[in-house]
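Subject: Structure handover and notes

Dear colleague,

I am passing on the structure we discussed, and my notes on its sheets and on one helix pair follow below it. Please read them alongside the coordinates.

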Amino acid sequence: MSDIRLLKITEKRLDILKLMNIESLEDLINHYPYRYDVIEETYPTQEDDKIIIEGTLISPVKIFFRGRMSRMSFSVEDVYQVTIFNRHFLRQYLKQMTIITIIGKCQKDKITASDIKIKPISEIQGVHPVYSLKEGLTQKSFQQYVKKALNLLKGNIESFVPEEYIIKHQLIHKESALWNIHFPQSQEDIKQALKYLKYEEFLKFQLTMQTIKQQRTLEVGIAKRFDVQKFQSFILSLPYQLTQDQQTSVKEIVSDLQSPRMMYRFLQGDVGSGKTVVSSVALYANYLAGYQGALMAPTEILASQHYQTLLSFFKDTDVKIALLTGSLTNKEKERIYEQIQNGDIDMIVGTHALFQKKVEYHRLGFVITDEQHRFGVEQRKALKNKGSQVDFLIMSATPIPRTLAISMYGDMDVSTMKTMPKGRIPVVTKYIKSSSMKPILKDLKEYLASGGQCYVICPLVEDSEVLDAKSASQIAEAMQQYFRGTYQVGLLHGQMKDDEKDRIMQDFQKQKIHILVSTTVVEVGVDVKNANMMVIYNAERFGMSQLHQLRGRVGRGHQQAYCFFMSSSTSKEAIERLKYMEKSHDGFEISMYDLQIRGPGEVLGNRQSGLPTFLVADVFKDFPILNVAREDAMRIVEGYEKRNEYYHLMSTIQEKLKENNEYVD
Ligand code: ADP
Ligand code: MG
């Protein structure tokens, strides 16, 4: 990194740059324009009244003032009458016979100018970058700094992309790309610059992924052997037949378990596609091979639900299962720790309590995490480190198309489930333009009268769990008042103690509670088959994938389910999104839409942290480049040890990985 002081600018200016996260010359030249203004001779067309012309001033300038506002007018070349507002300070330059460039809108022979340059068009035409800047910096001075930085770094800006691939994809070099992106002469310059920069970003990303993958394949796992007959008859004993996609995923997972390679697999499936049973079957294979398995869930509610599910699946087997969560008493915990250590327990379900220091496993062979985007990378690593050669399966309910998944999760193998269990009926979804329950009260009452239960999801309040809880309590109170003597209303929010949450959830499951008012703590995984109506307040504040997740809590059986997205937002995009949700029930489609709006970080969670970020590239729009970069990265990583020219490149990647070692297991 080169010292920003080489720019020789004032401390005050340096402070402003710092506010923009610019602390070195490299940071400066990597701060790209966010758009470009194009100046070239332009005449109005039928569709567009935009005009940019050069002209010679022929009449004297007239100015009218009203307070601090001004209107200035003059004519050019006998043809146009020009008017411009609030630019009276330009008057001193506007002498007769001066050649100027006028930018504005034109109607017949009258121009309303938005800008006037006291220069012939030949001197200013071209493409002008516009940067996002903090107050106190002008576009012009910022450009000067960038130019100075580029000159100071001249000859020292290396292309990260190897020469071979620069030639192959007909790219320009990095240094030219940077000059072009900051000082383009034409649109073509920008195009060429972006082509290099996007490819570079993706190549870095893919090299990182592939390096991680390669390092992992060097580790030797355990080839697990088990009684296939027993395994098959267990699958037949399940309460239902597995769907086609469940069968395929089970096959893929089992063959990972059997292979001497360590499993590092990502199982993605739409909400409700039935990932839990797949994980149970996989845990059984691992058990038959003689190993302990752990299933980790992000919330206590989900953990205890999984525990119940496993108990019922394995009731006719010898499998011993334990639930380990934070709300157990110390004595209970001690007992379970001991059983885990002795090998008395075969499957352990729990929250992050699973990888506390005190937990020592007897023979841990397999770790599954559910709803992975809720887990910190550190937590996953800690659990994995409990065993030396542990197979690892991550399950997520924000599915993306397979090709994109392979690129985004390049370091893992991906299994995808698209088909839904038989008999599912899509949730009837309605966007209701309202901020209160009123328009749907009738539906709600009818539904409750028929014996159903309902979720009411409360507004998200600016990342504050305390405020979320407050708004949930208020709504719960109002509903309690309203339904006094008829239906029970329960309240669930993140501020409550774990065992309290668990109790409320159980009451809901046992139908002691009819209406569950909740924050998004129910988002992940919970499964109450009798609850088939959901009302979501302020739906516009949720991401689309999150709405889909929430909606996935209902309609999990054979009954018709209903979901109401309430919103009083007048934003066109917000309404469009909610209307889209009315029509689409496909998590893959919805996540793609969401990705376009919010980007991968928001939608797919923090998995990308510690990896290169994308400044110019867009995984969605630039998908073809992402794919090419992936293939190139695979080739480079495979052969780099024998190729001197890749050595530098690969050691940069490896250094980076060591620095933020999240991804190196
Ligand atoms: P998710 O993928 O969202 O975690 P779950 O594993 O919770 O989904 O399963 C959703 C529901 O579908 C559960 O109630 C489960 O019992 C049911 N289910 C799963 N697989 C099948 C199947 N093959 N046939 C019928 N029902 C199934
Ligand atoms: Mg689930």
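In what order do the six strands of the open sheet run, and with what pairing? The order is β2-β6-β7-β5-β4-β3, and the pairing is mixed, where strands and helices are DSSP runs numbered from the N terminus (E, at least two residues, for strands; H or I, at least four, for helices) and two strands pair if DSSP finds at least two bridges between them. Because β2 (50–56) and β3 (62–66) stand at the edges with a single partner strand each, one side of each is left without a neighbour in the sheet. From one strand to the next the twist averages 35 degrees.

Before going further, please note that this is a predicted model, in which local features need pLDDT of at least 70 and side-chain atom pairs count only at pLDDT 80 or more, while totals for chains, interfaces and linings use all residues. Residues are numbered from 1 along each chain as its sequence is written, chains are lettered from A and ligands numbered from 1 in the order in which they are written, and side-chain values use heavy atoms, with hydrogens and water left out.

Strand β14 (residues 391–396) has parallel pairings with β9 (residues 264–269), over five bridges, and with β13 (residues 364–369), over four. Phe266 has Ile394 of β14 as its bridge partner, whereas Ile368 is bridged to Leu393 of β14. Six of the six residues of β14 are buried (under 20% relative accessible area, with a 1.4 Å probe and protein chains only). Asp391, Leu393 and Met395 lie on one covered face, and Phe392, Ile394 and Ser396 on the other.

Turning to the helices, the axes of α8 (residues 228–237) and α10 (residues 275–288) come within 10 Å and cross at roughly 155 degrees, the axes being lines fitted to C-alpha atoms over the stretch in contact and the angles running from 0 to 180 degrees between N-to-C directions. The two helices are therefore roughly antiparallel (an angle over 145 degrees). Lys230, Phe231, Phe234 and Ile235 of α8 make the contact (heavy atoms within 4.5 Å) with Val281, Tyr284, Ala285 and Leu288 of α10. Seven of these contact residues are nonpolar, none is polar and one is charged.

Best wishes

Note on methods:
Angles under 35 degrees count as roughly parallel, over 145 as roughly antiparallel, 65 to 115 as roughly perpendicular and the rest as oblique. Ala, Val, Leu, Ile, Met, Phe, Trp, Tyr, Cys and Pro count as nonpolar, Asp, Glu, Lys and Arg as charged, and the others, Gly among them, as polar. Buried means under 20% relative accessible area, exposed over 50%, partly exposed in between (1.4 Å probe, protein chains only).
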